[in-house]
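Open the model in your viewer and keep the selection tool at hand. This tour goes stop by stop.

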Amino acid sequence: MGAQKSIHAGKAKIDVNVDLSHKLCAALMLPPFRNSGGPLSLVIGSLCIKHPNLFGGSEKLDVFWDKGLYDTNVVVAYRRPRPEWLPQQSVVVQHSISPEIGVHGLPVDNFSQSGSGGVNLCRSSVGLELSEPASSNWSSTTSVKFEHVCPMSDEGRPINRDLDGFPVTCSLQIEQGVPVLSKWLVFNRFKFVGTKGIKLGPSILLTSITGGSIVGDMAPYQAFAIGGLGSVRGYGEGAVGTGRSCLVANSDLTFPLSKMLEGAIFLDYGSDLGSGRLVPGNPALRQGKPGSGVGIGYGLRFKSPFGHFQVDYAMNSYQQKTVYFNITNVSS
């Protein structure tokens, strides 16, 4: 239930994608965050504009706009060519509004889903990215980003406290704790990911461990949110716990059923390592999050030239069942 169109205007290319199917899926899987905002709230879509030669010197301009049911995101990226022995530069400007569910969301249905906690994040940022020269054998990117975050209510008003009256901000925030001004936050966020794949005949066992910790000042929404798709399946987003530290382990065993169809069995575990009480306002305790949880289930993976479809059936520690759908389009 959607439409996609590519338009060429001179050297620029415009991709328009409108999708109505996600509305039905979200309505079946998630509790409503807020009241409908009119006919446009039913539409999920994206707009992409790319210009390969903006000023005649091979400058590239990319503009992306995505609209979801409850969120929107705009990204503008400008890239100017440089000699191949020099680092390549990109200037990126971004503005987004989205519900903050991982930390302030309210777990429902035995933690299998997360509803709105009345906190949304409006983010505006500008950054400079430096990538390795084209002549280098290394692949790395260094970026400097300045970001302003404004918590907002479901009605669009700026707020500084959640529904229980606890602060949702902590002065100003910048990533990577550089104290340019004394009133700005000074913190470091560490995160590691380890993945190992083992081939067992026609099957593949993929195991990954993700962990992290935050040292220094922090606002509540910067905490690690544990639970949900990509974390501990069978739980809603952030429904396992939110903490200064986290540890998540995932194991997936996939096996072929046909040329385009695979089956999967998975086991997930996540914990806040007892750090939930160290988050300002202790939102995990107030929302009754357990702090650790196990998810187990099975699923199907369908791959075709037109897109990839994935469905997972998961059960959490409270024997509450959840179904996840994921559709990835393959561009022509």
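## Stop one: a tyrosine and its partner

Select Tyr78. Its relative accessible area is 27%, so Tyr78 counts as partly exposed. Keep in mind that this is a predicted model.

Tyr78 belongs to strand S5 (residues 72–80), while Phe55 sits in the loop between strand S3 (44–51) and strand S4 (60–67), so the pair ties together parts that are 23 residues apart in sequence. Phe55 is exposed, at a relative accessible area of 61%.

## Stop two: two tyrosines

The count of aromatic pairs comes to two. For another pair, select Tyr298 and Tyr313. This pair is tilted, with 35° between the planes and 5.3 Å from centre to centre. Tyr298 is in strand S17 (residues 292–304) and Tyr313 is in strand S18 (residues 307–315), so the contact ties together parts that are 15 residues apart in sequence. Check the surface at Tyr313: with 29% relative accessibility, Tyr313 is partly exposed.

## Stop three: arginines over rings

Select Arg189 and Phe224. Arg189 lies over the face of the Phe224 ring, 4.2 Å from the ring centre. Then move to Arg233 and Phe266. Here Arg233 lies over the face of Phe266, at 3.8 Å from the ring centre.

## Stop four: the cysteines

How many disulfides does the structure hold? The number is zero. A sulfur pair would have to be within 2.5 Å to count as a disulfide. Cys122 is buried, at 13% relative accessibility. Select Cys48 as well: this residue is also buried, at 12%.

## Last stop: where to read with care

Colour the chain by pLDDT. The average is 81, and 78% of the residues score at least 70. Now select residues 20–31, where pLDDT is below 50. Beyond near neighbours in sequence, this stretch has 21 contacts in the model. Go on to residues 173–182. There too pLDDT stays under 50, and the model has 17 contacts beyond four places in sequence for these residues. Where pLDDT is low, predicted coordinates should not be read in detail.

Methods. Residues are numbered from 1 along each chain as its sequence is written. This is a predicted model: local features need pLDDT of at least 70, side-chain atom pairs count only at pLDDT 80 or more; totals for chains, interfaces and linings use all residues. Side-chain values use heavy atoms; hydrogens and water are left out. pLDDT is the predictor's confidence in each residue, from 0 to 100. Contact means heavy atoms within 4.5 Å. Rings of Phe, Tyr and Trp (its six-membered ring) pair if their centres lie within 6.5 Å; planes under 30 degrees apart count as stacked, over 60 as edge-to-face and the rest as tilted. Helices (H or I, at least four residues) and strands (E, at least two) are DSSP runs, numbered from the N terminus. Buried means under 20% relative accessible area, exposed over 50%, partly exposed in between (1.4 Å probe, protein chains only). A charge sits over a ring if NZ of Lys or CZ of Arg is within 6 Å of the ring centre and within 35 degrees of the ring normal.
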